[in-house]
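These are my notebook entries on a structure that was new to me. I record below what I looked up, entry by entry.

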Amino acid sequence: MISIEKQNFEQLKAIIRVDFNVPLGANNQVLDSSRIEGAKPTIMKVLNDGGSCILMSHLGRPKKKDKALSFKHIVPEIEKTLNLKVKFVEDAIGDKTKEAAKALRPREVLLLENLRFYPEEIKGDKEFARKLASYADCYINDAFGTAHRAHASTTTIAAFFKKKKFSGLLLYNEVNAIKNVLQKGEKPILAILGGAKISSKITIIENIMDKVDEIIIGGGMAFTFIKALGGSIGDSIVEGDKLNIALSIMEKAKKKRVKIYLPVDSLCSDQFSNTGKKKLFETNKIPKKWQGLDSGPKSIEIFNKAIMSAKTILWNGPVGVFELESFSKGTIAIGNSVAKSTTRGAFSLVGGGDSAAAVRKFNLQNKMSYVSTGGGAMLESLEGKILPGIEALSN
Ligand code: AMP
């Protein structure tokens with residue numbers, strides 16, 4: 001995979017797959033423009049070289065043309081975020097698009113219509129990809145968040161560019177951050193896994209077991225382990241059909257000498273809300289009618305020690321119900337520890353959905369080495385899968 005960094009785009013038209021799938025409000029207003037911001041370095045690199053950009057993305061999940069999800073509504077926000085003029089065609093393929101692409105001058109930007117208006121996009125249709133490819137001299141993929149999808153604009157199109165296909169800066173940084181942990185990570189390497197369920201993390205645990213030295217298992221998923229080990233977990237969240245898997249993970253970890261940390265105490269409540277009664281219990285002695293919703297102070301102290309001595313940290317999933325203020329302390333403490341360890345020289349990667357959201361909520365994103373932008377794509381990378389969008393750039 002070749003990054004755009006050392007390429008020169010002078011006089012070249014680059015078709016760039018960006019991720020402008022931004023959250024929209026009731027009046028089509030953009031609620032969060034960080035995805036547009038994320039593509040800015042790549043777009044500016046091409047323009048500053050004297051090239052031009054043809055931007056394409058999906059927005060929402062329309063099955064066919066849907067006026068509400070036209071990029072037309074968000075052109076002003078894109079122009080504001082990128083601080084430049086953007087031309088827009090209400091089509092992604094066809095004569096209008098062909099003309100607009102042909103007329104594009106160096107340092108100009110053209111945005112195509114929502115790719116999901118065309119069913120060919122998610123089918124990975126070759127003819128659709130060929131048409132998109134015909135508008136440009138080279139192809140750049142900067143949409144890490146959709147790199148796990150084999151769609152026309154993320155995968156099929158790359159075949160039309162032989163050596164003229166590159167990874168954008170955002171995509172390159174994401175892939176590098178994962179490599180920095182799983183391939184080149186300095187030891188001790190620590191993974192912090194949390195979240196509601198073990199079922200969504202089994203493949204990740206199995207994949208990282210050969211690469212990490214220690215794993216903290218926190219959040220809701222810890223209770224399946226505690227129960228499997230014979231503990232009483234009261235009404236805490238549990239996956240009864242995964243007890244054997246939890247045990248076999250513990251077994252494997254022992255064989256591979258991977259140290260597993262489980263919570264030893266939990267802040268519990270009689271309700272899944274901020275307003276119920278609260279009480280601390282040892283995690284394996286939670287009485288009936290009580291559920292563990294956050295890591296307790298002793299657990300946090302143990303987790304903190306491991307975090308402070310780690311040289312490489314991967315964090316995926318909150319260690320408590322951080323959305324409820326009363327049960328957010330554990331996740332905040334983990335966030336602060338990871339931030340502190342990072343300032344002392346550890347490399348920290350936060351990613352895969354809710355832990356990234358938690359880090360942003362508690363305003364710690366600038367204190368981590370890297371916060372991933374891709375939920376599903378990051379999870380599949382951690383599972384050891386080769387993402388089709390990335391593979392297509394490498395062939
Ligand atoms: P995931 O998407 O698998 O990373 O799960 C994230 C969700 O796990 C968040 O919404 C948390 O509220 C939830 N979670 C974390 N700890 C617990 C817990 N002890 N009980 C129930 N849910 C939890």
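Before turning to any pairing, I note that two strands pair if DSSP finds at least two bridges between them. Helices (H or I, at least four residues) and strands (E, at least two) are DSSP runs, numbered from the N terminus. I am working with a predicted model, in which local features need pLDDT of at least 70 and side-chain atom pairs count only at pLDDT 80 or more, while totals for chains, interfaces and linings use all residues. Residues are numbered from 1 along each chain as its sequence is written, and side-chain values use heavy atoms, with hydrogens and water left out.

**Entry 1: strands 1 and 2**

I looked up how strand 1 meets strand 2, and found that five bridges join them and that they run parallel. R17 stands opposite M56 of strand 2.

I then asked how many residues of strand 2 are buried. Buried means under 20% relative accessible area, exposed over 50%, and partly exposed in between (1.4 Å probe, protein chains only). Five of the five residues of strand 2 (residues 52–56) are buried, so this strand is largely enclosed by the rest of the structure. In a regular strand the side chains alternate between the two faces of the sheet. In strand 2 both faces are covered, with S52, I54 and M56 buried on one side and C53 and L55 buried on the other.

**Entry 2: the whole protein**

I counted elements next: the protein has 14 helices and 17 strands. The radius of gyration is 23 Å, close to the 21 Å that the globule rule gives for 395 residues, so the protein is as compact as a globular protein of that length. That radius is taken over C-alpha atoms, and the globule rule is 2.2 Å times the number of residues to the power 0.38. Along the principal axes, the C-alpha atoms fill a box of roughly 70 × 45 × 35 Å.

Buried residues make up 56% of the 395 residues. The protein exposes about 17,900 Å², of which carbon and sulfur atoms supply 50%; accessible areas come from the Shrake-Rupley method with a 1.4 Å probe, and for residues only the protein chains shown count as cover. For contacts, the criterion is heavy atoms within 4.5 Å. Among contacts between residues at least 6 apart in sequence, 73% join residues at least 24 apart.

Strand 11 (residues 265–269) is joined to strand 12 by five bridges, and the two run antiparallel. The bridge partner of L267 in strand 12 is L280.

Q291 is buried, with a relative accessible area of 17%. Leaving aside neighbours within four places in sequence, Q291 is in contact with residues including D235, S236, L267 and F272. The C-alpha atoms of Q291 and G185 are 36 Å apart, and the two residues are separated by 106 residues along the chain.

Is T312 buried or exposed? T312, in strand 15 (residues 312–316), is buried at a relative accessible area of 1%. The side chain of T312 reaches the backbone oxygen of E186 at 2.6 Å. Not counting residues up to four places away in sequence, T312 touches residues including G185, E186, P188 and F347.

P188 lies in the loop between helix 6 (169–182) and strand 7 (189–193). A cis peptide bond joins K187 and P188, with omega about -5°.

**Entry 3: two positive phi angles**

N28 has a positive phi of about 60° although it is not a glycine. I located N28 in the loop between strand 1 (13–17) and helix 1 (34–49), where it counts as partly exposed at 23% relative accessibility.

N83 also has a positive phi of about 60° without being a glycine. N83 lies in the loop between helix 2 (75–82) and strand 3 (87–88), and counts as exposed at 66% relative accessibility.

Technical notes
Polar contact = N/O pair within 3.5 Å; in protein donor to acceptor, adjacent residues only side chain to side chain.
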